[in-house]
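Trainee: Could you walk me through the side chains in this one? I'm new to it, so please spell out the terms as we go.

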Amino acid sequence: MDLTDLRCFLMVAEELHFGRAARRLDLLPATLGRRLATLEDHLGTVLIHRTTRAVSLSPAGQVLVPQARDLIAAADALEHRARSLGRDSAARLRIGAIDSAAAGLLPQILPIYRKATPELRITLEERKTIQLLPRLLSGRIDLALIRPPERRDPRIKLRALLSESTVVALPEGHDLAARESLRVADLADAPLIVPDRQSRPHSHDLTIKLMHEAGHAARIAQVAEEKHTIVSLVAAGLGLAIVPRWSALGTPKGVVFRPLLTPEGQPIRRLHLAAAWCADVRDPIRDGFLDCIDQHRSDIAQTA
């Protein structure tokens, strides 16, 4: 029995939605469906009932879910234990980060940390939170810099790092671009470009909530998944976008950013950044990196 197929079954059992489960696993829905079918063929029983309207667990699926979770947890514990035994000799740190942390936090902290640990090999990969958490649990990365997930997994420890402020991305020449800062009410009639909620729930919900709290409905002109795509669409004149301040780094031509402030003139800081790691893995290298962030967090937070 393939453990990957078993993980796919558990994700579908948790979401009861093939599209959402596929996105969390970073798979195509068709691939997820094939893996589930393979598992069902291997076990000789139907685990998931799927119709055009609903997805539900079969009686056999309901019985197997807790046992499958125990099996996956045991396999993860074995893998983490094996990896931790070899970490001292490997002398490496594998970091996963969302795009905002990769653009704003890591360029500030890595030069400092490398001076203290020049022999350490550090590898980086940039992905979304929903993609980094499975990679963390599978042992493919040691630390993830993410948005805190809506559902807390007891196998993962989280440490709050800082909260990013928000800015508005506007096309050059837009009437609002002449202002030094903006309020949410200024965006009442503006077409907005927002991230897809399934892949970036924090940024998507922030735009909707800010507009609602100001007494306006968000006029969503376009939905896009990647931040660089959103900013490019702004440059093309398709709308405005509320994005993290660090997204303004590496600004493409044709786009300007203006701080988004509360009615009292204070920065809006609702995009939280956290460090995540596996709760059952001891790792002094990872802990040293987190300590370095803590020592310089106040200075870094001023740039967020």
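Trainee: Is tyrosine 113 buried or exposed?

Mentor: Tyrosine 113 is buried, with a relative accessible area of 7%, where buried means under 20%, exposed over 50% and partly exposed in between, using a 1.4 Å probe and protein chains only. Keep in mind that this is a predicted model, in which local features need pLDDT of at least 70 and side-chain atom pairs count only at pLDDT 80 or more, while totals for chains, interfaces and linings use all residues. Residues are numbered from 1 along each chain as its sequence is written, and side-chain values use heavy atoms, leaving out hydrogens and water.

Trainee: Which ring does tyrosine 113 pair with?

Mentor: Tyrosine 113 forms an aromatic pair with phenylalanine 289, at 5.1 Å centre to centre and with 80° between the planes, which is edge-to-face. Rings of Phe, Tyr and Trp (its six-membered ring) pair if their centres lie within 6.5 Å, and planes under 30 degrees apart count as stacked, over 60 as edge-to-face and the rest as tilted. Tyrosine 113 lies in helix 6 and phenylalanine 289 in helix 10, so the pair ties together parts that are 176 residues apart in sequence; helices (H or I, at least four residues) and strands (E, at least two) are DSSP runs, numbered from the N terminus.

Trainee: And how buried is phenylalanine 289?

Mentor: Its relative accessible area is 0%, so phenylalanine 289 counts as buried. Phenylalanine 289 is also among the residues with the most contacts inside the largest nonpolar core, which has 38 residues. Such a core is a set of buried Ala, Val, Leu, Ile, Met, Phe, Trp, Tyr and Cys residues joined through side-chain atoms within 4.5 Å.

Trainee: Which helix gives the most to this core?

Mentor: That is helix 10, with six residues.
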